[in-house]
Amino acid sequence: MAEKEDAEPGAPRSLRANSLFSEDELSEEQGDAVSGGPSPSASPSPSLHPPAPAFPSSSSSGSEDMGGTPLSPPLRAGWLDKNPPQGSYIYQRRWVKLDADYLRYFDSEKDAYSKRFIPVSSISRITSIGDQKFEVITNNRNFVFRAESDADRNEWIRTLQQVVEERRRTSMSPGSSGVPPELPDRSGFLELRGFKHKLFVVVAGDKVFLYKNAEDYRLGIGITYIEMNVGNVKEVDRRGFDLTTPYRTFSFVADSEQEKEEWVEAMQQSIAEALSNSEVAERIWALESNRSCADCGSPKPDWASINLCVVICKRCAGEHRGLGPSITKVRSLKMDRKVWTEELIELFQHIGNAVANQFWAANVPPSESIGPGSGSRERRRFLTAKYREGKYRRYHPLFGNQEELDRALCAAVTTSDLAETQALLFCGAAVSCATGDPQCPSPLALAQRSGQRLQMEFLLHNRSSEPPRLEVGGSEEKPYSVPLPSVTHHGFLYKTPSMAKPIGERKGPEEFSRRWCTLQDGLLSYYESDRSAAPNGELRAEEMVCLVHNAPHTHGIENTFEVYMESERLYLFGLEKPDSAREWLKSIAKSFVHPCAEELLALDFERIGRLHYKGGLNLERAKEGWFALVGSVLHVCFQDSERQEPLQLRKLQELSIQGDNEVLVLVERRRTLYIQGERKLDFLGWVQAIQKAAGSSGDTLSEQQLTESDVPLLVDRCIDYITQCGLTSEGIYRKSGQNSKTTSLLEMLRRDARSVRLKEGEHHVDDVANTLKRFFRDLGDGLFTRRWGQDWLRATALEDEEVKISEYRQLLGTLPTVNRATLKSLINHLFRVQRFSGENQMNTHNLAIVFGPTLFQMDGKDYKAGRVVEDLISHYVKIFNVNDQEMKKQQDEIMAIMKMREAASSGTQQAGDFICTVYLEEKKTEAEQHVKIPATMTAEELTFEILDRRKVVMKEKDYWSCYEVNEREEAERPLHYSEKVLPILHCLGTESYLVVKKQMAMENMLIYLASRGGDCKHGLMKFREERNLLGLGLSTGFHDRYFILSHRCLRLYREVRSHKPEKEWPVRNLRVYLGIKKKLRPPTCWGFTVFYENEKHEKQQWYLCCDTQADLREWFATFLHVQHGGALWPSESSKVRTSRWQQDSRLGNISLIPLRGNESEMRNSVAAFATDPLTLLRNV
Ligand SMILES: [Zn+2]
């Protein structure tokens, strides 16, 4: 199948000039330029060969350059006679040079550019054919050379065979690799001045290859290649351009102007690649293990994953990309100049492929490993298993123990042990775990304090990395491996310089520059003009984290949008036309939003991007979700859910920012979502936008913050308050409140009703009543709407009552949802108010006189408006379709409220019994009991009452107690048996209830107190204070503090050895609840929520957390002991305890902690005695 080489012109010049496709054309017709080219140095071949420090990623994959030497040293060079072509007898004397990649021959030893190159990888055999000749056999052509002696010939054969062997050993699939440059950046025909026929030119990596034709290119056998590190490209005329090197100028002519520009750009890119980072690559390759791909072993890898710290080949890099940047961040050693900081390079010299693979590839079964010849599917499977699932990794001994992992990480980052940090991080340690050190709240800060630059660099690049997860199966279907769609868009955009801070002020038009922008292959590039070849800058779509569509006229250019990058930079673009702006936004969003969230692309978003969140049942690990904000709705594509979920921000129950780690907490119905500020810049923007969207945006009903049932929160708060405190207030809604108070209350509620709590004593009922009225009077579009208002008024004229009611019902149906819900809620409220007209003097007519003109926003001259309200109240049940059950529930509520108020006003001594709902064991309808609570009833009596009713027999050691449960705070407090229930009920908020259940800790508490006999306790607890900054509820998190609880006071010390307490509280004024709401992320599950109210009725709330359950029990026992003078359990049951004590009497007088001495002595001894006393007790 091998044919003899093409006829080669061996005839004299004149003849040869006519020969087509002559391999010698280069020298024959451009002879002077090549052979006569100046040589920069007198030394032979190496200096003639332009320095080539870095091999193109795309061409062959030899290995001789691995030592970091800048040159490709010839393995053998010398004069040989080349076989004459057919029809000729004249041998041609050629300077022949062999290196690890190519066998080349030149006219002379001074030449920089060969007449022919034959890739070593395409050589199949070398044979001796006598007469000092040898034949180099490739798949398609044979080349015959004649040496000067047999010895010389044999030496050539030996060296060639060696090189070919070596090549076969290192590349698994001979023949397939390296023949034509793989994946050329550009290829095609170009005229080269001086040649009759067009040459096939290939730009690949940092080289330009010249071939006689496309067939030669396919075979890999070319004329010469030009190392572009010495190249310079210049446009000459419309279609012509010159590639100049110190040795020769190549004058090319393209087919069209357009093509010329593309060629020039490709060659400029090639120069940029050749020049850019060969230095970086060499420094990283200085480590032997970095000289072959960490994943497949291909030589000369010039790509890297900067968070995993591995050097990889181009093909593996492609598959790494598919895993997504939360697993691996792919960069080029040569082209991504900016990313390679000194620290990052050093990091690769310390970790690199060797250390990384000791961890990642500790257990790779040979059957699963890949090689340089592996296909793309195999690679993807292997890389998914290796990095996404962590299948082959070496497990850290602490794997599975989150707390220990985090602790170990905090320790490791202060040392130079990067391998340990790597193992911890990728076995699940949280990169931003709490360190417990307020000065250095994150591992990054710890590393910084310890001066560990490389640890810092490593942590920084892994800020948003996901640790491997084995449970992810079937990687093929996983959205992560889906490459981002390639979107193409281009046009002129106005652009400001990028920023590292949020845009504070309006940017004037003069601050924008017009740039030609292209979006292609996941790159948004901007150019000086549409004629510029090289971009001024590029934004990678995979690094985009957020895209914001600004409101029109936010800046000097009418339409603007912002692009936020992972690197915490922000780019502002602008355009004049809104339509084009929308097109750009859609295109950019499409290029970076993950296909799993493509649903979001259909929305008219103001802001779209990815954020880390926690939510649902698993709060341990943050996941990445895609978020889009549209009006007041936040659309979320959670990682595991099929469809996007809309979150109605105006209906949130709570929206707050949690301190240290910067977490935005959104509480919606029963769900809580935590959005984490992985990066500062875009997170800040999200927080502000979400806060704004969650507030009221205007003065119409639907623009208000809403309850779940679509009633404005403001209305709901006011009605609720009047119902609780104002039903019996004389002239309610008629009397005017204080104008200034009404104004300020309305303003407060309008700003953020969610954060306003109306309290008796703080707010007067008349002020609240007037606030509600003012709200309706000023309401944009009115409650009945401008469109339908007149119809309501007209309906009053209908004489037939039934017809009128049905007309009202029909009109009600035409109201917008929010108006309808609000009207029903208000009329329901007024219906209740008139039921108390005996006390409040406000019957239906009186209420109608007040509310008619208010709701219809008119003066009170005409009673029509009043008539509507009067009708609505009178026919409330019919018009609003209220069923019996609903009615009964309302009656009960009113009853309960009345009883409570009566009892409150008549003082505790009076027998103003009232009914209260108490649950047995848990809050559910079946466990409900309605109990009449006399003013004198104690918690113990209430407990017996409930147990009696339910026929529950109190057994020995069953410590049944009555608990006050606060659902909002997720905390509960067992009432002391002697506490009166009624006053507690008066203070009980809507989120609280009473339940009777066993107090499981009582027995142990009693044992503890009996063994101690003291009434004080000292020790460390984690303390957290709620500080209200700017209404955001910012807090500094939990911190270790030393506490002393004595018979009167609880004192807080900053440290064990502090002399003065930082804070001091009288114990009697403390209400101690067990439990801390999960939202605050307490460090352990053994915590207290403590409420404190001083003499001035100023309230505080803070949290304490213990390390063990026993510790919690002891503190709680001591609190109760101190607050109730030692009596924790009623004396009637003392028999139970006595018998218990008898059993354990030997423990009775063991003092576990030395308690004598002054306070500081005690504290010092306690500090040295950290063991859990109850544990000791059990071991006695
Ligand atoms: Zn590879």
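Predicted model: local features only at pLDDT ≥ 70, side-chain atom pairs only at ≥ 80, totals over all residues.
Which residues form one aromatic cluster? Y102, F117, F189, F200, F209, Y211, Y217 and Y225 do.

Residues are numbered from 1 along each chain as its sequence is written, and side-chain values use heavy atoms, with hydrogens and water left out.

**Figure 1. The chain in overview.** The chain has 1180 residues, and 54% of them are buried. Buried means under 20% relative accessible area, exposed means over 50%, and partly exposed lies in between (1.4 Å probe, protein chains only). The secondary structure comes to 36 helices and 44 strands. Both are DSSP runs numbered from the N terminus: helices are H or I with at least four residues, strands are E with at least two. Among contacts with a separation of 6 or more, 60% join residues 24 or more positions apart. A contact means heavy atoms within 4.5 Å.

Figure 2. Rings of Phe, Tyr and Trp (its six-membered ring) pair if their centres lie within 6.5 Å; planes under 30 degrees apart are stacked, over 60 edge-to-face, and the rest tilted. The count by this rule is 48 aromatic pairs. F117 and Y211 are edge-to-face, because their ring centres lie 5.8 Å apart and their planes meet at 65°. F117 sits in strand β5 (residues 116-119) and Y211 in strand β11 (residues 207-211), so the pair ties together parts 94 residues apart in sequence. F117 is buried at 1% relative accessible area. Y211 is buried at 0%.

**Figure 3. The F775 and F776 rings.** F775 and F776 form an edge-to-face pair, 5.5 Å centre to centre with 65° between the planes. Both residues are buried.

**Figure 4. Arginines over rings.** A charge sits over a ring if NZ of Lys or CZ of Arg is within 6 Å of the ring centre and within 35 degrees of the ring normal. R146 lies over the face of Y91, at 3.9 Å from the ring centre. R607 lies over the face of W686, at 5.5 Å from the ring centre.

Figure 5. The ideal tetrahedral angle is 109.5 degrees. C313 is buried at 7% relative accessibility, and C316 at 0%.

**Figure 6. Two positive phi angles.** Most residues other than glycine have a negative phi. C309 has a positive phi near 60°. C309 sits in the loop between β16 (303-305) and β17 (310-312) and is buried at 0% relative accessibility. D781 has a positive phi of about 75°. Its loop runs between α21 (765-778) and α22. D781 is partly exposed, at 30% relative accessibility.

**Figure 7. Nonpolar cores.** A nonpolar core is a set of buried Ala, Val, Leu, Ile, Met, Phe, Trp, Tyr and Cys residues joined through side-chain atoms within 4.5 Å. The largest has 65 residues, and Y733, W792 and L823 have the most contacts inside it. Beyond its neighbours within four places in sequence, L823 contacts L783, F784, W792, L812, L815, L872 and F880. Another core lies apart from it, with 62 residues, among them C296, V311, A356 and V431.

Figure 8. A795 lies in helix α22 (residues 786-795) and is buried at 3% relative accessible area. Leaving out residues up to four places away, A795 touches K804, E807, Y808 and L811. In helix α13 (residues 402-412), the buried residues include L405, D406, A408, L409, C410 and A412. Their cover includes α14 (418-425), α15 (443-449) and α16 (453-461).
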